[in-house]
Amino acid sequence: MPVAMNLEDYLEAAKGAIARLKLSHRKRAPRRERIEAKVQVAEDVLRDAQLAKQMGVHLCDCTWPPQIMLWEEEMDAHICPNCSLRT
Ligand SMILES: [Zn+2]
């Protein structure tokens, strides 16, 4: 399924970005607390997205954090509340 493949790539890219951000902020002490707070939020979002994916929740990568796709009985499909993608 293309959405799942894209999401895995997306999560891997996010993990790499967080790791790079952690390394880069060490040189700029005055903004350290603000950057560390943003890194923590990014790590929380990434962990939630990975957990949702492991649980088999359908996710759409049209935004970050990924949108949780909800089952619509009438349409017999999972629908993204943001972009209306159907799977
Ligand atoms: Zn979407």
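Biologist: What share of the contacts in the protein with a separation of 6 or more comes from residues 24 or more positions apart?

Modeller: In this predicted model, residues 24 or more positions apart account for 28% of the contacts with a separation of 6 or more. Glu43 belongs to helix α2 and is partly exposed, because 15 C-beta neighbours lie inside 10 Å.

Biologist: Which pattern of elements does the protein follow along the sequence?

Modeller: The pattern is α-α-β-β-β-β, that is, two helices and four strands. Helix α2 covers residues 32–54 and has 23 residues. Its span from the first C-alpha to the last is 32 Å, close to the 33 Å expected at 1.5 Å a residue. After α2 comes Gly56, which has a positive phi near 85°.

Biologist: How should I read the side of a helix on which a residue lies?

Modeller: An α-helix has 3.6 residues a turn, so residues three or four places apart point the same way.

Biologist: Which elements have the lowest and the highest mean pLDDT?

Modeller: Helix α1, residues 2–24, has the lowest mean pLDDT, at 70, whereas strand β4, residues 77–79, has the highest, at 96. The average for the protein is 81, and 86% of the residues score at least 70. Over residues 1–5 pLDDT stays under 50, and the model has three contacts beyond four places in sequence for that stretch.

Biologist: Which residues make up the largest nonpolar core?

Modeller: The general idea comes before the case. In soluble globular proteins, nonpolar side chains tend to be buried together. Here the largest nonpolar core has six residues: Leu7, Ala49, Leu59, Cys60, Met69 and Cys80. Of the 87 residues of the protein, 10% count as buried.

Biologist: With which residues is Leu59 in contact, leaving aside its neighbours within four places in sequence?

Modeller: Leu59 is in contact with Leu7, Ala49, Ala52, Lys53, Pro66, Gln67, Ile68 and Met69. Among them, Leu7, Ala49 and Met69 are also members of the largest nonpolar core.

Biologist: Where is His78 found, and which residues does it touch beyond four places in sequence?

Modeller: His78 is found in strand β4. Beyond four places in sequence, His78 touches His58, Met69, Leu70, Trp71 and Thr87.

Biologist: Why does His78 count as partly exposed?

Modeller: His78 counts as partly exposed because it has 18 C-beta neighbours inside 10 Å.

Biologist: Are Asp76 and Ser84 buried or exposed?

Modeller: Asp76 is exposed, because 8 other C-beta atoms lie within 10 Å. Ser84 is exposed as well, with 9 other C-beta atoms within 10 Å. The cut-off for an exposed residue is 12 or fewer.

Technical notes: Residues are numbered from 1 along each chain as its sequence is written. This is a predicted model: local features need pLDDT of at least 70, side-chain atom pairs count only at pLDDT 80 or more; totals for chains, interfaces and linings use all residues. pLDDT is the predictor's confidence in each residue, from 0 to 100. Two residues are in contact if their C-beta atoms, placed from the backbone, lie within 7 Å. The expected span of a helix is 1.5 Å times one less than its number of residues. A residue is buried if 20 or more other C-beta atoms lie within 10 Å of its own, exposed if 12 or fewer, and partly exposed in between; C-beta atoms are placed from the backbone. A nonpolar core is a set of buried Ala, Val, Leu, Ile, Met, Phe, Trp, Tyr and Cys residues joined through C-beta atoms within 7 Å.
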